[in-house]
Every structure is written in structure tokens, then in C-alpha cells.
Amino acid sequence: MPRHPRKRDFPVAQVRRYLEPGPILLISSRWRGQANVMTLGWHTVLEFAPSLVGLMISAGNHSFRMIRESRECVINLPTTALTDTVVRIGNTTGAEIDKFATFGLTPEEATEVSAPLIRECHASFECRLHDAALVNRYNFFIFQVVKAHVAPTPKRPETLHYTGEGVFMVAGRTISRRAMFRPEILD
Ligand SMILES: Cc1cc2nc3c(=O)[nH]c(=O)nc-3n(C[C@H](O)[C@H](O)[C@H](O)COP(=O)(O)O)c2cc1C
């Protein structure tokens with residue numbers, strides 16, 4: 001008989017630790033001539049086509065206003081090469097410093113939005129605000145990805161996955177069960 005783990009009571013405010021497996025992102029924005037960037041772990045895919053992604057951007061962040069007003073952003077995917085920069089970006093505010101200059105990031109012009117791409121990241125997705133219905137209530141922005149830029153290699157970048165309390169998991173080995181999938185579930 002397989003042995004199953006014994007579960008115990010757990011503080012509900014900490015379940016996030018087990019539910020935040022997506023890669024850490026750097027969200028860049030531009031508004032009134034200023035470029036900014038924030039670190040973000042709370043996001044979800046909502047649809048393939050159109051390509052919809054939801055981001056939770058706290059109202060207290062400088063990025064919140066910049067993104068709500070400009071109705072655009074770029075989702076950038078950093079790898080472990082940027083670990084310390086990811087932490088520094090997430091512990092400072094664009095209301096006080098120019099994070100691109102301070103952290104040595106290179107802004108690149110996007111094609112569909114005014115927010116800059118970050119050259120040092122593995123991928124950059126240009127986004128337009130699709131639905132603001134949940135912004136006031138949950139600080140939840142639903143974006144449509146309108147243009148995607150991705151480095152062809154490595155195929156599986158070593159991304160960072162935040163588990164709370166200053167600790168990250170690093171994307172590791174992959175396993176396949178492709179043969180068990182119904183074709184319509186595979187994209
Ligand atoms: C690992 C990590 C994950 C974070 N995830 C989020 C998030 O999902 N949503 C959010 O609003 N802030 C998140 N933050 C906090 C913002 O990155 C932080 O408040 C940032 O300084 C905001 O910058 P700004 O004021 O220039 O917009 C995170 C920070 C770190 C370090």
C-alpha cells in the first residue's frame with residue numbers, strides 16, 4: 001500500500017506558498033515620458049486566442065497608476081541570470097528612482113505599445129489592457145498579448161518561481177506524458 005502524506009491544519013493566509021508556481025515576471029510600463037519596471041509573481045493565463053493574461057498589480061505600486069492610465073504594459077520573462085536584479089526591482093519604487101538606469105537594464109522600443117521591452121530578459125510580451133472590470137475591486141488587470149518576442153534558445157529557460165519569504169524555486173527537469181493526452185488538449 002502506498003503511504004500518503006498526513007496533512008495538518010495550515011494558516012489559510014499562507015496557502016499562496018503552494019499556489020504561486022508561475023515564473024516571476026518583470027512588468028515594464030511607460031507613462032508621461034517615464035519608464036518603470038516592477039517584479040510580479042501573481043499572474044494567470046486566461047485564454048489562448050485571443051491571448052489573455054491576468055496580472056495582480058497592487059494599487060500602492062507606482063506601476064499601478066502608470067499601467068492603469070496608459071492601458072499598456074510589457075510582460076518580460078527574466079531568468080536566474082537576473083535573480084538579484086529581480087529582487088532589487090521588487091524592493092524599490094519608480095516613484096523614487098529610475099529603475100532602468102539604477103539596475104542597468106536596457107529599454108528597447110516595442111512595436112505595438114509605448115512601454116519598453118527589457119533586452120536582458122528571455123522573452124517580452126507586448127500587452128494592451130483588455131478588461132478593467134476587476135481593477136478597482138481586486139487590482140486585477142486583464143491584458144491581451146498583442147506581440148511576443150522570444151529568444152529561440154535555450155528552449156527551456158531557467159526561470160524563477162516565487163514561494164514567499166524571499167525564497168524562489170528554479171525551473172528544473174521536465175517530464176512528458178504527451179502520449180496520454182487527447183489531441184484537443186494539446187496546443
Ligand atoms: C518576488 C516578488 C514578487 C512580487 N510580486 C508582486 C505581485 O505579484 N504584484 C504586485 O503588485 N507586487 C509584487 N511585488 C512587489 C512589487 O514588485 C514592488 O512593490 C515594486 O517595488 C513596485 O514597484 P513600483 O512602485 O515602481 O511600481 C513583488 C515583489 C517581489 C520581490
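**Entry 1. Strand pairing**

I began with the sheet and found that β8 and β9 pair in the antiparallel sense over eight bridges. The model I am reading is a predicted one. Within this pair I looked up D131 and found that I142 of β9 stands opposite. I then turned to the pairing of β5 with β8, where six bridges join the two strands in an antiparallel arrangement. For N76 I noted S124 in β8 as the bridge partner.

**Entry 2. Nonpolar cores**

I next asked which residues of the largest nonpolar core touch the most other members. They are I27, L55, I57, F141 and F143, in a core of 19 residues. I listed the elements that each supply at least two residues of this core: β1 (25–31), β2 (34–40), β4 (52–56), α2 (62–70), β5 (72–77), β8 (123–131) and β9 (140–150). I also recorded a second, separate core of 13 residues, with L26, A35, V86 and I89 among them.

**Entry 3. Helix α2**

I looked up the buried residues of α2 and found S63, F64, M66, I67 and S70. I noted for comparison that an α-helix has 3.6 residues a turn, so residues three or four places apart point the same way. The cover over the buried residues of α2 includes β1, β2, β5, α5 (135–138) and β9. After the helix comes R71, for which I read a positive phi near 60 degrees.

**Entry 4. Ligand site**

I counted 21 residues around the ligand, the closest being S58, S63, T92, T93 and G94. I then checked polar backbone atoms against oxygen atoms of the ligand. For T92 I found a backbone N or O atom at 2.4 Å from a ligand oxygen. The corresponding distance is 2.7 Å for a polar backbone atom of S58 and 2.8 Å for one of T39. The ligand taken alone exposes 640 Å², of which the protein buries 86%. I asked which elements give two or more residues to the shell around the ligand. These are β2 and α2, and β2 gives the most, with four residues.

**Entry 5. T39**

I returned to T39, which I placed in strand β2. A polar atom of the T39 side chain lies 2.7 Å from the backbone oxygen of V86. I also found a polar atom of this side chain 3.2 Å from the backbone nitrogen of G90. Leaving out residues up to four places away in sequence, I listed I24, L25, L26, V86, I89 and G90 as the residues that T39 touches.

**Entry 6. Backbone exceptions**

I found a cis peptide bond between A49 and P50, with omega about 0 degrees; P50 lies in the loop between β3 (43–47) and β4. A cis peptide bond also joins T153 and P154, with omega about -10 degrees, and I placed P154 in the loop between β9 and β10 (160–162).

For R32, in the loop between β1 and β2, I read a positive phi near 50 degrees. Is R32 buried or exposed? I recorded R32 as exposed because its relative accessibility is 71%, where exposed requires over 50%. N139, in the loop between α5 and β9, has a positive phi of about 55 degrees and is not a glycine.

Note on methods
Residues are numbered from 1 along each chain as its sequence is written. This is a predicted model: local features need pLDDT of at least 70, side-chain atom pairs count only at pLDDT 80 or more; totals for chains, interfaces and linings use all residues. Side-chain values use heavy atoms; hydrogens and water are left out. A nonpolar core is a set of buried Ala, Val, Leu, Ile, Met, Phe, Trp, Tyr and Cys residues joined through side-chain atoms within 4.5 Å. Buried means under 20% relative accessible area, exposed over 50%, partly exposed in between (1.4 Å probe, protein chains only). Two strands pair if DSSP finds at least two bridges between them. Contact means heavy atoms within 4.5 Å. A residue is near a molecule or strand if one of its heavy atoms lies within 4 Å of it. A polar contact is a pair of N or O atoms within 3.5 Å; within protein, one must be able to donate a hydrogen and the other to accept it, and residues adjacent in sequence count only if both atoms are side-chain atoms. Accessible areas come from the Shrake-Rupley method with a 1.4 Å probe; for residues, only the protein chains shown count as cover.
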